[in-house]
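Please open the structure in your viewer and keep the selection tool at hand. Each stop below says what to select next and what is there.

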Amino acid sequence: MFIEFSLAILAGIIFGICTGLIPGIHVNLITLILVSSLIGLESFSAIILAVFVTSLAITHTFIDFIPSVFLGAPEEDTFLSVLPGHQMLKDGKAHEAIVLTLYGSLAALLIILVFTPLFIYLIPIIYNLIKLILPFILIFISSYLILREKDSLLAFSVFSLAGILGYLSLNLPVREPLLPLLTGLFGTSAIIISLKNKFEPIQQEIIPIKKIKISKNEFSKSIIGSIFSAPLCSFLPGIGSGHAAVLGSEILKQSQRGFLVLLGAINTIVMGLSFITIYSIGRTRTGAAVAIKELLKEITFQDLTLIILTIIISGILSFFVALNISKFSAKYITKINYQTVSILVLILLLLVTIIFSNLLGILIFLIATSLGTFTILSGARRINLMGCLLIPTILLYLF
């Protein structure tokens, strides 16, 4: 059991590195393939496969800021890092930006441990109390984010268009609807803008980690913001890491560096607590959580203990893996053709969509890319694109 457990964690880390570094190859895609086709995996117990999925998902949260910062190719969980991360890239401090997100993700491991008993005992009570008003909570959060924008009408338009597109994607015969939808809205659109701006990265500083510091005040504000917002978004449907980050930054105003710590913490907390949510209320909020629920059917306390242990071990190991990948990226980024890499990533995302979706999915992909590009060029905040998930969720609960 120990050897299988260790190998599952190691395999999860390896796959998590791949999903984290390659835009468009998301955790959800790998876990979906795993659950839908267990060919060759029959000899592994369900809990070992669940350990693999957990390790993969947690590793992904440590790694996925690297392409977001270095290539401007984010996913739905990391798009908020593009602005501060890209600015630090232009200043030659991309590695420092990654380290700040890693500080947040590492702190998140402790937060997950602290919140696990609270989630087990309190979330069922809270969820039962608010279950009937969930759609109205989601409407309130959406309205708040729209009204806080300078151009609320533009924000509402983007939110509504994304919602319509999301609803159509989920209700039409689109194979793997979230893949073309989210890839277009958050991945290819950002890369197209990057190509348009013809950005050429400068030489990056590789500062020793002991010299990359953040003030106690900035760090405390980031952690407090993540503690208040991330657990809330771990069990509310349709609310993701992006919403948690915005809410967390609203609770306590964040500096650029503090915001990166906040993003790292929230990304890992939301993923980690989504596994605890299955045990506490039987609900899934991430693709990885769906996979674990499908694999285990019913999670026992012993299963939960192994999952928590996997979160901690894979998180600590992923911190050092991500640190070295970031150093490597910072060292060699000026030696590659940025435009060529961006084009290759675009082609890869299109190929992934063609392989795993269908013709309707390709159409969704093109429309989503157009909407994502328009959002960036118009100056609207990209958080409004999360209407693609929020509006279908609100309609589902209302009707």
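Start with helix 9, which gives the most to the nonpolar patch, with 4 residues. This is a predicted model, in which local features need pLDDT of at least 70 and side-chain atom pairs count only at pLDDT 80 or more, while totals for chains, interfaces and linings use all residues. Residues are numbered from 1 along each chain as its sequence is written, and side-chain values use heavy atoms, with hydrogens and water left out.

Next, select the nonpolar surface patch of about 1,200 Å², whose members include Leu161, Ile164, Tyr167 and Leu168. Patches are made of residues with over 30% relative accessible area and no salt bridge, with nonpolar side chains (Val, Leu, Ile, Met, Phe, Trp, Tyr) joined within 5 Å and like charges within 9 Å. Helix 8, helix 9 and helix 18 (387–398) each supply at least two residues of this patch.

Ile146, in helix 8 (residues 134–147), counts as buried because its relative accessibility is 8%. Show the neighbours of Ile146, and you will find that it touches Ser152, Ala155, Phe156, Phe159 and Asn384, not counting residues up to four places away in sequence, contact being heavy atoms within 4.5 Å. From Ile146 to Phe159 the distance is 8.1 Å, C-alpha to C-alpha, although they are 13 residues apart in sequence.

Finally, select Glu96 and Arg257, which form a salt bridge with their closest N and O atoms 2.2 Å apart (a side-chain nitrogen of Lys or Arg within 4 Å of a carboxyl oxygen of Asp or Glu). This pair links distant parts of the chain, with Glu96 in helix 6 (residues 94–121) and Arg257 in helix 13 (residues 256–281), 161 residues apart. Both Glu96 and Arg257 are buried.

Notes
Buried < 20%, exposed > 50% of the residue type's maximum accessible area, 1.4 Å probe, protein only. Areas by Shrake-Rupley, 256 points an atom, 1.4 Å probe, with all protein chains shown as cover.
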